[in-house]
Amino acid sequence: MLLVRFPLRVSNCEARRGGNRPPHSMSSSASAPVVPFLRNGEFIIPTVDAHQPVFNPSTGETIALTPLMTPAQVDSVVEAAARAFESWGKSSFTKRVGVMFKFKELMEANFLELARLVTRENGKTLEEAKGDVRRGIECVEFACAIPHLAQGEHLPQLADMIDGTTSREPLGVCAGIVPFNFPCMVPLWMFPLAIACGNTFVLKPSEKVPLTAIRMAELLKEAGLPDGVFNLVQGARDVVDTLCTHPKIAAVSFVGSSAVARHVYALGSSHGKRVQAAGGAKNVLLVMPDAEMDSTLRAIIGSSFGCAGQRCMAGSVLMAVGDKADDVRDRVVGAMDALKLDDTSVNPEAGMGPVIDGHSQSRIVDLIGGGLQTGAKLVRDGRQHGQPRGFFVGPTLFDHVDPGAKIFRDELFGPVLTMLRPKNLDEAIKTMGTLSYGNGATIFTSDGGSARQFVREMPAGMLGINVGVPAAPAIYAFSGWNGSFYGDLHVMGVEGVQFYTRQKMVLSRWDNTYRRTMGW
């Protein structure tokens, strides 16, 4: 069993300043270690009034305690990042890329350890955790191309005897606020690119999964990143609000629910910051009668129940078009029955893991009960899962769902699939268009005409044709639409480079023949 790993050298100086206060406020978790924050290269255990438990979701065991830092403590971290920017912002691209290449090498060398750590604190299966780490490493690889990605432009003789040049310059201190569902990948959407662009960074991992971020911070330090360029803060909403309002933070990147995304966007923007805030989703899997069912079935199961349905690209709505809906439903139920739920922290062969904590488990169980009250047919009830401990909810399927029902319209963020039966593609697209979100949707078909109509008419930013999870790889922006994104420039890809830099334009003239013309 993987033990919780903490930095070898942790300072208790903050605790010493706090006098004789206890190390944490949860006596029931007295044996669990407190998670440090990182400031200017030093891991520090803060003195705080409260902590939040970090669970092994498979067992319910408390494995660590996240301190809920104060605004003053967060301010000290931002100040350290601002001081580090004075030199890092002037560093060469060669130096920045050298650190990123070394960091990528260290991520590869510690690949399995990182995956097991993700499984331990998040509950993913080992294979899903490996995917989390692999997609994150791809983002580091993308950041290694920053000398090309951040190139400016030069146009000689833009006007008579005048040359024009543009360059992309770093912003300063950037902050990242990330969710629990991808402890490795989502932070790596942000900080490698931001740092490669010449910024310094303050990351707030989810208070539910802080351990993977700590390990990546260690690897960054080992890669040669100067102290203060990357920093960690721990906490919940108070920390989020402090980052969104701090005068020395230039940009905020956020991934989480749409409600919090709207809050972060509004608060950060009103304080003069660039904000990219990716929110929730309601993604549709549309099965046409001509779909090849074996591969389609595998894609549906992976999309809907991978990561226990806890991802913003999970397929949570199944639309079976035409007269084969019963066959689609029966095949899906058979595959759901074959999924083996188990403790992912000890069984690498588990087919599906738990949800993140008891609150999520109770919320999803209540949603299933609420779905029954709408008249939908509960074909498979995940409330009966057979796991004696941990935060499990089994794969669940509702059929004959009303498009006006809460279980259709709201993000459920769990292993619950709702099924509708539109008569044709036009009706399916119209129904999908009533949703407030716009992350992703997939069509399964063998017909190019149907696929083309779907691509042209579906109002979502990431579409798949016979692809269960059409999530953007690192070279493309994660381009959610509508209520799934707040901001102008998305995370990752070229848009990510543009978000973490600002353009400088220079006009130059090197002769003495200037004459004023047309008022200029």
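User: Before we look at anything, what does "buried" mean here?

Analyst: Buried means under 20% relative accessible area, while exposed means over 50% and partly exposed lies in between. Keep in mind that we're looking at a predicted model.

User: Okay, so why is glutamine 276 called buried?

Analyst: Its relative accessibility is 1%, and the cut-off for buried is under 20%. So glutamine 276 counts as buried. You'll find it in strand S12, residues 274-278.

User: What does glutamine 276 touch?

Analyst: Leaving out residues up to four places away in sequence, glutamine 276 touches Val252, Ser253, Phe254, Phe485, Tyr486, Leu489, His490, Val491, Phe499 and Tyr500.

User: Why is serine 31 called exposed?

Analyst: Serine 31 has 75% relative accessibility, and exposed means over 50%, so it counts as exposed. Serine 31 is in the loop between helix H1 (13-17) and strand S2 (37-39). From serine 31 to leucine 267 it's 236 residues in sequence and 38 Å in space, C-alpha to C-alpha.

User: And why does asparagine 466 count as partly exposed?

Analyst: Asparagine 466 has 41% relative accessibility. Buried needs under 20% and exposed needs over 50%, with partly exposed in between, so asparagine 466 counts as partly exposed. Asparagine 466 sits in the loop between strand S19 (462-465) and strand S20 (485-486). Its phi is near 60°, a positive value in a residue other than glycine.

User: Which way does methionine 518 go, buried or exposed?

Analyst: Exposed: methionine 518 has 77% relative accessibility, and the cut-off is over 50%. Methionine 518 belongs to the segment after strand S21 (501-508), and its phi is also a positive value, near 50°, in a residue other than glycine.

User: What makes H8 "largely enclosed"?

Analyst: Of the 12 residues in H8, 10 are buried, so the helix is largely enclosed by the rest of the structure. Among those buried residues are Arg215, Met216 and Glu218.

User: Zooming out, how do you know what the radius of gyration says about the chain?

Analyst: With 520 residues, a compact globule would have a radius of gyration near 24 Å, and the chain has 25 Å, which agrees. The C-alpha atoms fill a box of roughly 80 × 70 × 40 Å along the principal axes. Buried residues make up 57% of the 520.

User: And how many helices and strands does the chain have?

Analyst: The chain has 17 helices and 21 strands. Take contacts between residues at least 6 apart in sequence: 72% of them join residues at least 24 apart. As for charge, there are 52 positive and 51 negative side chains, and the centres of the two sets lie 5 Å apart.

Conventions:
Residues are numbered from 1 along each chain as its sequence is written. Side-chain values use heavy atoms; hydrogens and water are left out. Helices (H or I, at least four residues) and strands (E, at least two) are DSSP runs, numbered from the N terminus. The radius of gyration is taken over C-alpha atoms; the globule rule is 2.2 Å times the number of residues to the power 0.38. Buried means under 20% relative accessible area, exposed over 50%, partly exposed in between (1.4 Å probe, protein chains only). Contact means heavy atoms within 4.5 Å. Lys and Arg count as positive and Asp and Glu as negative; His and the chain ends are not counted. The place of a charge is taken as NZ of Lys, CZ of Arg, CG of Asp or CD of Glu.
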